[in-house]
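Please examine the sequence and the structure before reading the solutions.

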Amino acid sequence: MFYLTPEWERYGEMLLCKFSFHCLHVSGLITLASYNRFHNNCFKFFLVITFGNSATSFFAGFVIFSIVGFMAHEMGVPVKEVAAQGAGLAFIAYPEAVARLPVSPLWAFLFFFMLLTLGLGTQFTLIETVTTTIVDTWPDRLRRFKSYVLALVCLVMYLCGLIICTKGGMYVLQLMDNYCASFSALIIGLVEVIVIGWVYGAERFLNDIKVMMGYYPFPYHYWRLMWKIVVPTLITSILIFTIMDLKPTEYGAYEYPEWATYVGWLFSLASVSAIPFVIVLKICKARGPVLQRIRILLEPTEEWGPKLQMHRMETHSPKHTDSQVPLALPNYDPEGYNDSEFGDNLGSKISVGDDSCSEFEGLRLNIPSRVSETGV
């Protein structure tokens, strides 16, 4: 019953963990979702991921605390004294409990094999996010060399991870776990939800979802309220109370020195610093008075919108001028022309891909036989 008995004074810690988890993984979800078809039902998968994550965490709690309870029973101490968190639970308390079970080598193998698969599954998403970000920044140069970019990213991450494998690596890991996985994730998540709810506009975002799915996510006003008021308020409150209740980092009986706290904040704010840096850079590169620059930068650019022209027509986005992007399929009629005479006359004069056509030389289009909705 220890696991099912709530401790309401620690409710804020639970919210911090949940928001940090979703903020950390939202970039990976966006990256993987970018490979979907344009009209994919993202709302359905959003519900599956959200409730599936909570249900999996709740079920995993029974597994973990059953082992911790067994260890407390063997040691003759309360469960609260055995239960640990972070790296201490995974690498100290849990292995010690597994070693006390019958057929302990089997359970130890299964436990660490589970940790291996869990780490690999997480790394696939995070590495793909970093690689996709780099490749999409310079697509013309790097898209054909994506495998080499992936190998370079893995090599750099491997070299950085060697620090944690040293004798004092556990202390570095604990410091990074306390700062990198909490404050920076919450700050980035707060900026994202403010930009979606207030800068880009929750109404415009809901319209984009409607174009992709064919209907507004239900209920419409609930999502407007959550994105504009509730979620920003919750994240801001968690940040404020977490900073107010901040204590020096501890690992076991060791308390970190004061300079380690500054290093932790440096870790935490390193990724967040990119946000104000890019804002200042964009404002400096723009032209005109400062307020006019900011007002222009807060509006979507002409390039904003779907990749394929047929989908840009649905969203009323500006038309592409890139000849490599197909304007439409042969039977696609975005402007609503249904006049048979117009179509017959035009069709009699234009032969797509025919070099012998001279009257409409500017319309020689090589329309692919199959156009994927992803734009790939």
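Predicted model: local features only at pLDDT ≥ 70, side-chain atom pairs only at ≥ 80, totals over all residues.

Residues are numbered from 1 along each chain as its sequence is written, and side-chain values use heavy atoms, with hydrogens and water left out.

**Exercise 1.** Determine how helix 5 is oriented relative to helix 7, and identify the residues that make the contact.

Solution. Two packed helices are described by the angle between their axes and the distance between the axes. The axes of helix 5 (residues 104-137) and helix 7 (residues 146-161) cross at roughly 125° and come within 10 Å of each other. Helix 5 is therefore oblique to helix 7; angles under 35 degrees count as roughly parallel, over 145 as roughly antiparallel, 65 to 115 as roughly perpendicular and the rest as oblique. Next, the contact (heavy atoms within 4.5 Å) involves Ile127, Glu128, Val130, Thr131, Thr132, Ile134 and Val135 of helix 5. Helix 7 contributes Lys146, Val149, Leu150, Val153, Cys154 and Met157.

**Exercise 2.** Classify the ring pair of tyrosine 171 and tyrosine 256, and state where each residue lies.

Solution. For tyrosine 171 and tyrosine 256, the ring centres are 6.3 Å apart and the planes stand at 55°, so the pair is tilted. In this scheme, planes under 30 degrees apart count as stacked, over 60 as edge-to-face and the rest as tilted. Tyrosine 171 belongs to helix 8 (residues 169-179), whereas tyrosine 256 is in the loop between strand 2 (254-255) and helix 11 (258-272), 85 residues apart. Tyrosine 171 has a relative accessible area of 35% and is partly exposed, while tyrosine 256, at 7%, counts as buried. Buried means under 20% relative accessible area, exposed over 50%, and partly exposed in between (1.4 Å probe, protein chains only).

**Exercise 3.** Classify the ring pair of tyrosine 216 and tyrosine 220, and state the accessibility of each residue.

Solution. The ring centres of tyrosine 216 and tyrosine 220 are 4.9 Å apart and the planes are at 75°, so this pair is edge-to-face. Tyrosine 216 is partly exposed, at 31% relative accessible area. Tyrosine 220 also counts as partly exposed, at 23% relative accessibility.

Conventions:
Axes fitted to C-alpha atoms, helices over the stretch in contact; angles between N-to-C directions. Helix = DSSP H or I, 4+ residues; strand = E, 2+ residues; numbered from the N terminus. Phe/Tyr/Trp six-rings, centres within 6.5 Å; stacked < 30°, edge-to-face > 60°.
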